[in-house]
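Here are my notes on the model, as numbered points. Please keep the coordinates open while reading.

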Amino acid sequence: MARAKANHIPRRSSRSLSAILRANVFTLFNLVIGVLWVLILIFGEWQDSLFGLVIVANALIGIIQELRAKRTLDRLAVINEAPVRVRRDGQEREINPRDVVLGDLILLAPGDRLLVDGEVVAAEGMEVDESLLTGEADPVHKRQGDQVLSGSFVVAGSGAFVATKVGTDAYAAKLAEEASRFHLAHSELRSGVANFIKYITWLVIPIGALLIYSQLSNSADLRTAVTGAVAGIVTMIPEGLVLMTSIAFAVGVVRLGRRKCLVQELPAIEGLARVDVLCLDKTGTLTAGGMDLDQVLPMGEGPVEAALAALAGLDDRPNATAEAVRARYPAVPDGWTARSTVPFSSARKWSGADFGEHGAWVLGAPDVLLTGGDAYDRATELAATGTRVLALCRTTSLDGTERGEADVRPVALVTLKQRIRPDARETLGYFAKQGVTLKIISGDNPLAVSAIATGLGISGGDRSIDARTLPHDDPARLGELLDTHTVFGRVSPQQKREFVTALQARGHTVAMTGDGVNDVLALKDADLGIAMGAGSPATKAVAQVVLLDDKFATLPHVVGEGRRVLANIERVSNLFLTKTFYAIVLSLVVGLAGLTFPFAPRHSTLTNALVIGIPAFFLALAPTLERSKPGFVPRVLRFAVPAGVLCAVAVLASFWIAQQGGAPLLQAQTAAVIALFLTTWWVLVLIARPLTWWRIGLVAAMAALFAIGLSLPFVRDFFALDPSGLPNDLIAVGISIVAAIVTSVAVKVAGTLRA
């Protein structure tokens, strides 16, 4: 560590303080608003410069919220980091991944992820999956002297290697330097908002120039010309849209963090809302991690107990099956020393060892090891009840068994009790109500999986398929079978990945849960990978979401939070872009016709605060169960464009009629402000639907605040309002009512159109 050779890699879950400050302070909108603010301070009155406070508010709120999210993510990321087993000074110990140093001797077992590069010094049947690095799905056997790369993980066997490259020198760190860098979101939502901002920026430049030229050319008063131009440009900028998006994402992370749910990539928040298919691995999700040995049923002659004890005692870090057997038979009998072993893997579904004079023994899935007979039939009957069944067999050759050429004779059947999660039924019921289709995918016997699914009340749980019968070279047919069936047994790790791809090809947004090393490939390829906190380090490394407390019941809250974020950001986008479009229409008409702009910056500040800024903050954080649908950008445009155009028409009509009637500029501007508030307030009502009690209170409070502002002399003076021209004000109210009715119809009609 003193030589800077420790394994220090920046966490992908959050960005640095300096990056947060830069992202929230040095923005294009802050620059534009800052320049306009300086112009108003020079040429206008200070009351018209209030919009400049938006820069400070946006930056402070954004920084505070993102720092909260950073603290939550960093704290949970530390909890999520699986310790690394090393041997130092002849003793085994567990250390923090960041404390690994160059030259450390690192010990490996199934499910362990390689955090650094190194050279293998010991290997006992060790197989390493390098698919995340190379794309090749087949595990690679590693022997002494072989090189291993960070980013791969152990799927079978055990071993040890010496760290030769750590930290940012390691292969995976270099490979992922750009890919895993923190980003707020890379999604339809985020790209949609970014596109809005980009196009609006290009519109602001020419329209703003036209407006400035028009106001300077047609006004003898420089102060009025500058304030009018600034009012139009400021209103065109949806300055709070990015802020509200950031806040919604950050608050979502903090809320999930309180439930011990680590969101490793913020785009996962959107994925949560779009999920319509949830693939569940039975073990570790529907069932708890551990198992209990139930019965040992002799099916032939042989030392059953001794063989089971010897097989279970082979691994220093046994899997759940070996632990259950070891709990019943803890002592390995004398003389049962393994000459060669084949470690368990999800692909082969059995493990075995050659014990010399005691013969070669294998323990694994009956329908994999056996081809028929009484033992096979009995195992099938037991599996149909939901019991997990293993076959203990003698074999003439371990290598021959792997190739399917050896003589394998059953000696006993072993049954294991699986622990159903107490929260499983309620959680599954939630997804059924929310329209999320469930797919139970497991490496176990399909009859056993089907029995558990049926017992938990999963629709279609009684129809199971043995994945070994599924087509491998016909993705379309595979997709059809996945759509029509719910339970799949004897699924290989590669098939889980194929399932995810086939479902995605049929237009589904797929979430995959898992806890074992056999789930890694599917978790990585799914739209949303969800790992259990007690799962293997490899699964937690590739998943976007980790349930640290291992509670399956957290999933509804995870999905609900995603839906809340997306639905509310769409509402907020409707608000801000309605403002942008009415400002664009106003600026174009005023600029081309050579008119005076109908209101000043302070008027815009007042209405924007009451119908956009304050309501948007509450709406962005409100609870909702709406499932997100694709087409975010077209939907927002179908609402914001007609609503914005009609608001602009109402404002221009009110202002023009007042001026034609000989009203002073201040009274004409007041009529325009009344029309602007009432039309945009009605847009707020439409967006806030369904009108629950608190939403009714919110929109009513905004109307009350505006009415109070008109009635209080010091508020009227501050915001330069003169409601004494009652006829013009009443005309503005009438125009606003008509505009509100037309807006309701236009938005409804536009909403029925396809993008």
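**Notes on strand pairing, a cavity and confidence**

1. Glu127 has His141 as its bridge partner in E5. Strands here are DSSP runs (E, at least two residues), and helices are H or I runs of at least four, numbered from the N terminus. E5 (residues 140-141) runs antiparallel to E4, with two bridges between them. Strands pair if DSSP finds at least two bridges between them.

2. This is a predicted model: local features need pLDDT of at least 70, side-chain atom pairs count only at 80 or more, and totals for chains, interfaces and linings use all residues. Residues are numbered from 1 along each chain as its sequence is written, and side-chain values use heavy atoms, without hydrogens and water.

3. Strand E4 (residues 117-129) is also joined to E7 (residues 153-165), antiparallel, by ten bridges. In E7, Ala156 stands opposite Glu127. E6 (residues 147-148) is antiparallel to E4 too, through two bridges. There Gln147 faces Glu119.

4. What lines the second largest cavity? Val275, Leu278, Phe431, Ala511, Leu528, Ile530, Leu555 and Val559 do. Strand E20 (528-532) and helix H22 (555-593) each give two or more residues to this lining. The lining residues are eight nonpolar, no polar and no charged.

5. Confidence, as pLDDT (the predictor's score for each residue, from 0 to 100), averages 84 over the protein, and 92% of the residues score at least 70. Residues 176-186 stay under 50. For that stretch the model has 19 contacts (heavy atoms within 4.5 Å) beyond four places in sequence.

How values were computed. 1 Å grid on protein atoms, 1.4 Å probe; cavity = no way out; pocket = protein on both sides within 12 Å on 5 of 7 lines; lining within 4 Å. Nonpolar A, V, L, I, M, F, W, Y, C, P; charged D, E, K, R; others polar.
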